[in-house]
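Visitor: Could you take me through one part of this protein in some detail? I'd like to stay with the packing inside.

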Amino acid sequence: GLEEGAKNQFSTFSNFITTINQKKEGIGNRNSPTQLVIPNIKNGRDLPPLCLDVRQKQRMSIDTLPHDLKAPFPPEPSLPIRTKTVKVFQDDMEKSKASGDWKAVHNFYSTTFDSFLEINAAFKKDTNSPFNTIEDSGIDAKFVNVVYDALLNTPQDVQKSVLKGIINGLLQEWTGPRTKDDLRAYCILLQNPQFSNTSTYVIYAHLLRQIAALTEADHHFLVHWSKKISQKRFKQVVDRLLQFISLRLFPAKPEEFPPMVKCTWWIPSATKVLALFNAANSLISPPIISYTDFYNSTLDHIDLMEEYHNWQCYGNSHRFSFCQYPFIISIAAKKVIIQRDSEQQMISVARQSLVDKVSRRQKPDMNMLFLNVKVRRTHLVSDSLDELARKKADLKKKLKVTFVGEAGLDMGGLTKEWFLLLIRQIFHPDYGMFTYHKDSHCHWFSSFKCDNYSEFRLVGALMGLAVYNSITLDIRFPPCCYKKLLSPPIVPCDHNTLVGICGVTLDDLFQIMPELAHGLSELLSYEGNVEEDFYSTFQVFQEEFGVIKSYNLKPNGDKIPVTNRNRKEYVQLYVDFLLNKSIYKQFAAFYYGFHSVCASYALLLLRPEEVEILVCGSPELDMSALQRSTQYEGYQKTDLTIRYFWDVVLGFSLDLQKKLLHFATGSDRVPVGGMADLNFKISKSETSTNWLPVAHTCFNQLCLPPYKNKKELKQKLIIGISNAEGFGLE
């Protein structure tokens, strides 16, 4: 199959597949882990779990490296001596391009990739050093990059010789554990740009299968070595893996690949290897690439609910589900899962209410199918608190809001209005529940002690209801809040278990109180005598209602001076006190309020940043994108009134654009899917041009009279969007 020319050069490897499959069948049950968990790193950050098991009811923690994994390394076989350098290789390439004689280059590539030993001989920085630590892979990254960059510019026979060599390496008989040289070879082969070509996917799949089947200890090394790869190469490997998964799911030319029934292991193997790179990425702050670069948008087009239900039913058994690896699922896809899961819960609760009513021989009515909230605008917070407290059993029903004394019917618009006004009142500084920090432009929980924390529970329930009912809120919490909200993501059965407590760092404090965090950072870097110059102890002070109160950060903290030796401990305890301990009761009430509505295994799929996007949407307004996706009723997009409208709107300040969005949709935030997800519509209003524009927020619809000129349209539009509170019926 390798000699049939460029078109089919890599297309058939039946003997290769058969040979590897026979070997895999012999060792598969023994060496193929059903889940990949990486051990702790000494003096480093914990690696996140690679595979998510819903049956654990919480995020998995990583155990320390077992003693059996710390056994002596297997002896490394002696490597052949290879003296080729970057300079010599580049000279050979230039000579070959000039003369057309590729013999020297061909010999180098065919020899280098002929076996794992040869790969190490060529690319190991020092063949006499073992390089058996996680800190240094021993790979000459510069030489690897130069060789791979040149490979795609060589003749086809040179490229085929590389693939033949890789096949030889993959067919090697394995006896005993893999050596560090083997792991180095895997790390180098994963960066091969040839694997971007679908004709090489059969070989690529078997490479991925072998890597996925390595032991936990071997994965531990690969993760740490991978984080040393340059950003450009790291991104290329991730993109290659994502493309492999996408094209196996939806092949452009199905005949290029073996039948799906014969290669069901392709996608699980690639996803497990991708999980290693995701773990490596999360070890570094800031990460090498954004977490969104691991999203595979192709998965938006598969049956996600089937994936979700398989995961719920089978956890991390032998049945693969993408939900075991949530980093690969986009936020848009996760939103679909959460929405459908919420809808199913709503239907289930409503059905049970109906059954209960009928079984008691009572006449059912439609109101029992909803969470009906009736509030007065003048007593918004107290009425809302009473309603939600009285109707705890109905929180998982579809929300419907009624403002007492108003004729508006809630098809979604009144619900948005209720959320907006309630959030505005609760977060007002005079209310005292939250403190607004001007430097960071965010709210944080007030540490003032009180007898009743029910209003914090209300705010949590509001956030839960917003996610549950697909409403975006204008809440400005720091990222740390969402991290705490997922600690743990499933409410523990034992009520004595602490909730909302997570590992916090000085970086988290910078996002809330940057001035204080800067002062603590200065303390850590201070070169003088901390004890004599700062004269501090492990005691902190807080003002509560005009009274200064002191708190010890550790037992007898007021008697323990802060010194150069213990200042790191002091800073960590201080940050933990501010973000965890001093607000524990407030946040615990908030946590239980959120999870009283949003309790779902789907939360296990989310990162803290993704919870924030689901709650708040995006604050970035792109009115040009809204213009492109807007639908029209009674108007054409080329009509003069519509052209006036967009000229005016695109020229608005950001504040006026937000007011327009709020006027027409009930929220000034952009949903997860962007402006296109708003389904914004402009309808022609057959009323007098003396009238102001009217909005139906339930349907994200703006009714616009045919104003005669741009000045009149702008004047009426600004008046309308600036006075947009309250509902009535025409």
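Visitor: Which residues have the most contacts inside the largest nonpolar core?

Guide: This is a predicted model, where local features need pLDDT of at least 70, side-chain atom pairs count only at pLDDT 80 or more, and totals for chains, interfaces and linings use all residues. Residues are numbered from 1 along each chain as its sequence is written, and side-chain values use heavy atoms, with hydrogens and water left out.

Tyr109 and Trp418 have the most contacts inside the largest nonpolar core, which has 179 residues. Such a core is a set of buried Ala, Val, Leu, Ile, Met, Phe, Trp, Tyr and Cys residues joined through side-chain atoms within 4.5 Å, and buried means under 20% relative accessible area (1.4 Å probe, protein chains only).

Now Tyr109. Helix α3 (residues 103-112) packs with helix α6 (residues 156-170) at an angle of about 15°, their axes 8 Å apart. Helices here are DSSP runs (H or I, at least four residues), numbered from the N terminus; axes are lines fitted to C-alpha atoms over the stretch in contact, with angles running from 0 to 180 degrees between N-to-C directions. The two are therefore roughly parallel, a label for angles under 35 degrees. From α3, His106, Tyr109 and Ser110 make the contact, and from α6, Asp157, Val158, Ser161 and Val162.

Helix α5 (residues 141-151) is mostly covered, with eight of its 11 residues buried. Those buried residues pack against α3 and α6, among others.

Terms used:
Parallel < 35°, antiparallel > 145°, perpendicular 65-115°, else oblique. Contact = heavy atoms within 4.5 Å. Buried < 20%, exposed > 50% of the residue type's maximum accessible area, 1.4 Å probe, protein only.
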